[in-house]
Amino acid sequence: MTIKSALAAAAFVAATIVSAQAQAVPLVTYSWTTTREGFGTHVDAPSSATFQVPLSDVLAGKISFFDVSNIQLFYPGLSFDTAAVSSTGFDFAAFVNPVTGAFVYSDNNQGFAVIASDSSDPNFSTFLSILVDNPVSGSVKDQFNALNHGQPFSGFPNAGHWTASFPVVAAVPETSTWAMMILGFVGIGAMTYRRRKSSTIAA
């Protein structure tokens with residue numbers, strides 16, 4: 001292997017590492033807890049409600065409506081096969097404490113909602129909708145509502161709160177550190193190759 005080809009290989013490995021790091025975006029997971037069950041034929045709390053947002057949004061104190069992903073909502077007795085996010089205000093965002101991830105409710109009637117629905121319902125009236133960062137009714141913060149073919153399954157004033165779980169970010173060497181390490185290995189390999197070649201010529 002020549003030094004040129006070794007350097008080219010090192011550059012390729014470094015570029016691959018950079019690409020992998022860029023794709024691995026740390027995500028914060030929000031989980032739902034019901035605090036008030038409201039009314040309806042079924043007032044069971046959603047046994048599972050989560051969504052994810054980029055860690056960078058939370059650290060900036062503002063979660064963009066467009067950055068919400070991996071929505072998972074479950075409600076006993078209902079079946080869902082689609083999930084989406086919907087704006088409930090004009091700023092298309094939710095404001096959070098960058099340290100804890102807790103919503104701060106800085107602007108009334110703003111925020112968004114995460115929604116799961118049953119696409120087989122021709123009237124699109126079987127769904128579960130949970131508000132995010134939206135104090136709709138005075139001291140009641142986020143609320144949820146579930147319909148089954150248009151009939152109230154569990155209705156307002158169901159309420160609860162979202163809890164943020166931050167990702168455990170492993171200590172990954174900087175790209176420049178990786179590049180220096182690879183170049184160092186290439187250099188050692190080149191020196192070993194030259195010494196072996198010199199020894200062969202001398203013999």
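Modeller: Two rings of Phe, Tyr or Trp (its six-membered ring) pair if their centres lie within 6.5 Å; planes under 30 degrees apart are stacked, over 60 edge-to-face, and the rest tilted. By that rule, this structure holds 11 aromatic pairs. The model is a predicted one, where local features need pLDDT of at least 70 and side-chain atom pairs pLDDT 80 or more, while totals for chains, interfaces and linings use all residues. Residues are numbered from 1 along each chain as its sequence is written, and side-chain values use heavy atoms, with hydrogens and water left out.

Biologist: What makes F65 and F66 an aromatic pair, and of which kind?

Modeller: The centres of F65 and F66 lie 4.8 Å apart and the planes are at 85°, which makes them edge-to-face too.

Biologist: How do you know whether F65 and F66 are buried or exposed?

Modeller: Buried means under 20% relative accessible area, exposed over 50%, partly exposed in between (1.4 Å probe, protein chains only). F65 has 12%, so it is buried, whereas F66 has 62%, so F66 is exposed.

Biologist: Which aromatic residues form one cluster with F51?

Modeller: The cluster is made of Y30, W32, F51, Y75, F103, F112, F144, F153 and W162. F51 also touches, among others, V28, V68, I71, V114 and V132 (contact is heavy atoms within 4.5 Å).

Biologist: What makes K141 count as a charge over Y105?

Modeller: K141 lies over the face of Y105, 4.6 Å from the ring centre. The rule asks for NZ of Lys or CZ of Arg within 6 Å of the ring centre and within 35 degrees of the ring normal, so K141 qualifies.

Biologist: What makes β4 and β11 edge strands?

Modeller: The open antiparallel sheet runs β4-β2-β1-β11. β4 and β11 each have a single partner strand, so one side of each is left without a neighbour in the sheet. Within this sheet, 5 bridges join β1 to β2, against a definition of pairing that asks DSSP for at least two. Y30 has F51 as its bridge partner in β2.

Biologist: How do you know that β7 is paired with β5 and with β8?

Modeller: β5 and β7 pair antiparallel over 6 bridges, and 6 bridges join β7 (residues 112-117) to β8 (residues 127-132), also antiparallel. Both counts meet the rule of at least two, so both are pairs. A116 stands opposite A83 and opposite L128 in β8, while F112 has V132 as its bridge partner in β8.

Note on methods: Helices (H or I, at least four residues) and strands (E, at least two) are DSSP runs, numbered from the N terminus. Lists of a residue's contacts leave out its neighbours within four places in sequence.
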